[in-house]
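Thanks for asking me to look this one over. My notes follow as numbered points, to be read with the model open beside you.

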Amino acid sequence: MVKVETIMNIQHEKKKVRWIVVCTLVAVVSIFLLTHFFAIYPGGYSLEKQNGEVLIAKGADSNRVAIDDSVLSQLKIATLELQINDLKILWYVGVIFTATTLLVLFTFSNLKMRKAVIIIASVYVGMAILVFLQYSSMLSSIDNSIQRLLNG
């Protein structure tokens, strides 16, 4: 009788873990799709080149900038485009890192590995602070680049 209960508990735990993994993966894929197609992420910058103009959007705000053929303007736009791509990549890495950490914390807490949970949570908080500082620095840099582009 005890073996049957143990087997049932193990099967229940497997189903629980499977659902948590599936939900986490769906959330990560949804965030990636929203970021890629709709520029929905912290900062929300997007840049589109159209007919000699550049449309720079941040959320609902957008600015049109005429592109002249000077090398300096082309370099400013290319730099801004790279900065926006770097910001998105940092966002993607942060999302993957957070999802992975949550799954590992859940697994270790189920295995009753309390010290491992504390260590991993501490490392995550430290890394999250560093990523947040880098992210905010990149946002500031992008804002400065946009202002320089708009002011000439």
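1. A word on terms to begin: helices (H or I, at least four residues) and strands (E, at least two) are DSSP runs, numbered from the N terminus. By that count, Ala39 falls in the loop between helix 1 (2-38) and strand 1. Please keep in mind that this is a predicted model, in which local features need pLDDT of at least 70 and side-chain atom pairs count only at pLDDT 80 or more, while totals for chains, interfaces and linings use all residues. Residues are numbered from 1 along each chain as its sequence is written, and side-chain values use heavy atoms, with hydrogens and water left out.

2. Let me stay with Ala39 for a moment. Its phi is near 55°, a positive value in a residue other than glycine. Most residues other than glycine have a negative phi. Ala39 is also buried, with a relative accessible area of 16%; here buried means under 20% relative accessible area, exposed over 50%, and partly exposed in between (1.4 Å probe, protein chains only).

3. Is Lys112 buried or exposed? Its relative accessible area is 71%, so Lys112 is exposed.

4. Three strands form an open sheet in the order 1-2-3, with antiparallel pairing (two strands pair if DSSP finds at least two bridges between them). Strand 1 (45-50) and strand 3 (61-66) are the edge strands; each has a single partner strand, so one side of each is left without a neighbour in the sheet. From one strand to the next, the twist averages 20°.

5. The pairing of strand 1 with strand 2 is worth a look in detail. Tyr45 stands opposite Lys58, and Ser46 stands opposite Ala57. The two strands form a hairpin with 2 residues between them, and Asn51 in the turn has a positive phi of about 45°.

6. Over in strand 3, you will find Asp61. This residue is exposed, with a relative accessible area of 57%.

7. Helix 3 (residues 114-151) lies across strand 1, strand 2 and strand 3, running at about 30° to strand 1. For these angles, axes are lines fitted to C-alpha atoms, for helices over the stretch in contact, and angles run from 0 to 180 degrees between N-to-C directions.

8. Tyr92 belongs to helix 2. Which residues does Tyr92 contact, leaving aside its neighbours within four places in sequence? They are Phe32, Thr35 and His36. Tyr92 and Asn144 are 52 residues apart in sequence and 23 Å apart in space, C-alpha to C-alpha.

9. How many salt bridges does a search of the whole structure find? There are 2, a salt bridge being a side-chain nitrogen of Lys or Arg within 4 Å of a carboxyl oxygen of Asp or Glu. One joins the side chains of Glu81 and Lys49 (3.5 Å, N to O). This pair links distant parts of the chain, with Glu81 in helix 2 and Lys49 in strand 1, 32 residues apart. Glu81 is partly exposed at 31% relative accessible area, whereas Lys49 counts as exposed at 51%.

10. Another salt bridge brings together the side chains of Asp143 and Lys58 (4.0 Å, N to O). Asp143 lies in helix 3 and Lys58 in strand 2, so the pair ties together parts that are 85 residues apart in sequence. Asp143 is partly exposed, with a relative accessible area of 30%, and Lys58 is partly exposed, with 38%.

Key. Contact means heavy atoms within 4.5 Å.
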